[in-house]
Structure formats: C-alpha cells, structure tokens
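Subject: Structure handover

Hello,

Here is the structure to go with its sequence. My notes on it follow below.

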Amino acid sequence: MTEGSRGAGDDGPLVGIVGGSRSDFPTLETAVAVLDELGVRSELKVVSAHRTPDRLFRYAEGAADRGVRVIIAGAGGAAHLPGMIAAKTALPVIGVPIPTEHLGGLDSLLSIVQMPRGVPVATVGIGNATNAGLLAAAILATSDPALAERLAAWRARQTQAVLDDPTSG
C-alpha cells in the first residue's frame, strides 16, 4: 500500500492514521481496511516522533483544519507518537501499541497507556488496529447517522458469523 489519502471523492480524510515508520504499516493497515469497509475516508502516513518532530507538530496542529476528526497513532518501543500527537491537538487520539521483537509490544502498550493526566490517549490492545478503526468510526458515528447504521450492520454481521459457526454454542 502506498502512503497517502484513501477513500472516495475529493474530500479529505476523516481519520488520520500515522505510524512512526513504514514497518508499522502492516499493523495499521487493518484500521484502514475496516474504515474502508465502513466507508470512512482515511489516510496512512509516516510521522516519527523522534526522527521528524517538526513534521509531527505540523501534522497534529493542522489535522483539524484539513477535516481530520480522529487520529490513530501506532508506535512501538518507547511509543511516544500517540502522546506527542495528543499533546499538539484537541482531536481524539487512539494509540495502537505495535508489537516489538523483545517485549512483544508490552513496552509499547505501557508507554501509550500511561499518559499523564490532562493528555488523554485512548489505547487499544497490542497490534489491534482493527479495534482502533472501529473506535474511530464509533466516535464519528455519534454525529453521522448513516455511519452509525453501517457500524451497527458491521457489528451485526460479526455476531451472526459467530452464531452461524457450527463449532459455537
């Protein structure tokens, strides 16, 4: 997948998805996929807290003006990206701890979930960008009845898939 905007039309993304490097993309692409399925425009970009802090500041500070309403930030290791984004915007930020080689992502999880009081970052499970995409969609759905219907239908399909599974129950 190439870096850049996703979704139909000339309208900008509603959900900004950022990772500290391209190596985070395989995890973050699951958020893109669920948002695509729900018809939510998104973008996927590299924005490194450590290597490109000025880009990070510009991205976070300009996101709302570009029409972004929720930001998903994936980070591994020290995992500063979600918190730094949250420090520079009032938009909701959802952190995705990226699995790491040595600690399996526990280091990422703890770095993201332990934000100081006053700078909230919603945090999903290690590597679970799908849930980050669903949470972003749920936030947007509070003011978009058509999206709320699509999200409810998506969830109903998930429930039905379990009920239809001959090994369940």
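**Fold and overall shape**

Counted from the N terminus, the protein chain's elements follow the order β-β-α-β-α-β-α-β-α-β-α-α, where helices (H or I, at least four residues) and strands (E, at least two) are DSSP runs numbered from the N terminus. The model is predicted: local features need pLDDT of at least 70 and side-chain atom pairs count only at pLDDT 80 or more, while totals for chains, interfaces and linings use all residues. Residues are numbered from 1 along each chain as its sequence is written, and side-chain values use heavy atoms, with hydrogens and water left out.

The C-alpha trace spans about 50 × 40 × 35 Å along its principal axes. Of the 169 residues, 41% count as buried (under 20% relative accessible area, with a 1.4 Å probe and protein chains only).

**Cores**

A nonpolar core here is a set of buried Ala, Val, Leu, Ile, Met, Phe, Trp, Tyr and Cys residues joined through side-chain atoms within 4.5 Å. The largest has 28 residues, and Val15, Ile17, Leu38, Ile72 and Val96 have the most contacts inside it. Two or more residues each come from E2 (15-19), H1 (25-37), E3 (42-46), E4 (70-75), E5 (93-97), H5 (129-141) and H6 (145-164). H5 gives the largest share, 7 residues.

Beyond its neighbours within four places in sequence, Leu38 is in contact with Leu134, Ala137, Leu147, Arg150, Leu151 and Trp154 (contact means heavy atoms within 4.5 Å). A second, separate core has 19 residues, including Ile71, Ala75, Ala79 and Ala86.

**Ala79**

Ala79 lies in the loop between E4 and helix H3 (81-88). Most residues other than glycine have a negative phi. Ala79, not a glycine, has a positive phi of about 55 degrees. With 4% relative accessibility, Ala79 counts as buried.

**Largest pocket**

The lining of the largest pocket consists of 13 residues, with Gly20, Asp24, His50, Ala75 and Gly76 nearest its centre. On a 1 Å grid over the protein atoms alone, a pocket is an open set of points where a 1.4 Å probe fits, with protein on both sides within 12 Å along at least five of seven lines; lining residues have an atom within 4 Å of a point.

Regards

Notes. Buried < 20%, exposed > 50% of the residue type's maximum accessible area, 1.4 Å probe, protein only.
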